[in-house]
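Please look at the ligand site in the model below.

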Amino acid sequence: MTPFSASVSRISVSSTLAVGIEAERYRAQGVDLVDFGAGEPDFATPEHIKQAAVRAIQENFTRYTAAGGTAELRQAIVEWHAREFGSPFTQPESLVTVGGKHAIFNSVCALVNAGDEVVIPAPYWVSFKDIVLYAGGTCVFVPTSEADGYELSAEAVEQALTPKTRLVILNSPNNPSGAVIRQEVMDRIVRSATSRGIWVLSDECYSHFVYDSQPYSVGVLAKDETVRSRLIVVGSMSKTFAMTGWRCGYALAPKSLIGEMLKLQSHTTSNPTSISQKAAVAALKGSMESVGQMLAEYRRRRDFIVNGLRGIPGVKCPLPRGAFYAYPNVGSFLGPKVPTTNELASRLLREAHTVVVPGEAFGTSEHLRLSYATSLEELGRGLERMRTFFAGLK
Ligand code: PLP
């Protein structure tokens with residue numbers, strides 16, 4: 001028996017955080033690292049958002065708010081969502097959370113019982129798995145293939161549904177692969193799961209970072225009552241508005257589920273920070289110009305890093321269609337000397353002072369995840385280091 005609860009013993013520390021901690025050790029020793037690990041924009045939070053937070057402090061908006069967020073912010077969320085995507089949600093169907101991750105945690109904990117199955121396409125964002133395990137659920141992974149750019153097939157998801165399936169988690173654009181699920185595929189999965197009474201959680205934290213399609217939310221399907229009764233849309237200020245540290249996200253879901261999530265929230269975090277909520281209102285009501293500028297810059301970086309990676313002998317890299325991650329295949333370097341990407345990522349850190357996240361964390365065995373939310377200059381330095389490192393391995 002472990003000395004700690006069964007629920008925490010089932011999970012591990014987020015590997016992206018673990019990589020960050022290891023990198024920090026090197027930095028503390030003065031090592032000049034190139035960091036492709038962090039899954040966050042390197043852009044500053046736009047000025048009008050920062051100013052709203054400063055005003056909130058000056059006006060003493062520094063007390064507890066309603067645990068599920070202010071009415072002002074909940075209203076701003078549903079209006080922004082309707083404007084951006086055409087969704088029909090109302091304020092009682094919204095909840096403000098401490099980042100998108102918290103919305104996912106609350107949703108899963110409010111829905112999943114021991115033994116319930118949760119269908120998750122792979123590669124997947126690491127926290128989906130651990131949150132489901134924490135809640136006592138069983139993950140059922142649906143693999144996608146690198147050869148078709150990790151495109152998800154609706155049939156494959158449908159085949160994974162069983163009488164025990166409680167929830168399907170979709171994530172488009174995807175962390176780590178950058179894949180974007182085609183709209184008709186998303187719609188079909190949502191309709192076929194919800195019509196069987198199965199919940200669908202759509203994690204749309206990267207919604208606005210798509211390179212050859214328009215931002216899309218399955219929230220628009222909530223105009224249909226069957227869908228609406230079983231759909232959770234999760235979003236976040238973190239990536240769209242370069243606000244990772246502010247910790248502000250949201251869920252849009254049926255009022256009854258929002259009530260259960262709120263119960264949990266009222267006994268754990270209570271409200272997200274009052275000041276961040278004011279900043280989030282400014283983000284959602286203000287100009288979206290900065291989002292377009294970030295997207296243009298991410299596109300330049302994506303093209304640069306993918307071309308650079310493809311130029312390294314032995315590395316294959318599909319073109320990511322969204323988010324800000326490249327997910328190259330480095331399987332040709334694995335063998336008796338370097339058996340796993342965990343080992344490969346450690347050696348890249350130790351020997352080439354370059355931080356990447358091993359694909360094992362995301363459910364695949366031959367990949368590394370590189371965040372390109374960093375300057376072109378850093379991308380160039382990191383690519384050079386990787387080129388030299390991989391040449392030495394061959
Ligand atoms: N969902 C995905 C797929 C992510 O990659 C992240 C963060 O990296 C989140 C959700 C949560 O972000 P936050 O809690 O900062 O909103």
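This report covers the ligand shell, then the pocket.

## Basis

This is a predicted model, with local features needing pLDDT of at least 70, side-chain atom pairs counting only at pLDDT 80 or more, and totals for chains, interfaces and linings using all residues. Residues are numbered from 1 along each chain as its sequence is written, and side-chain values use heavy atoms, without hydrogens and water.

## Ligand shell

A backbone N or O atom of Gly100 lies 2.6 Å from a ligand oxygen. A polar side-chain atom of Lys239 is 2.7 Å from an oxygen atom of the ligand. A side-chain N or O atom of Asp203 lies 2.5 Å from a ligand nitrogen.

## Pocket

The ligand sits in the largest pocket (more than half of its atoms lie within 2 Å of the grid points). A pocket is an open set of points on a 1 Å grid over the protein atoms alone, where a 1.4 Å probe fits, with protein on both sides within 12 Å along at least five of seven lines. Its space is about 680 Å³, the volume filled by probe spheres set on the points.

The largest pocket has 31 lining residues (an atom within 4 Å of a point). Leu17, Gly39, Lys101, Trp125 and Lys239 lie nearest its centre. The lining has 10 nonpolar, 12 polar and 9 charged residues.

Technical notes
A polar contact is a pair of N or O atoms within 3.5 Å; within protein, one must be able to donate a hydrogen and the other to accept it, and residues adjacent in sequence count only if both atoms are side-chain atoms. Ala, Val, Leu, Ile, Met, Phe, Trp, Tyr, Cys and Pro count as nonpolar, Asp, Glu, Lys and Arg as charged, and the others, Gly among them, as polar.
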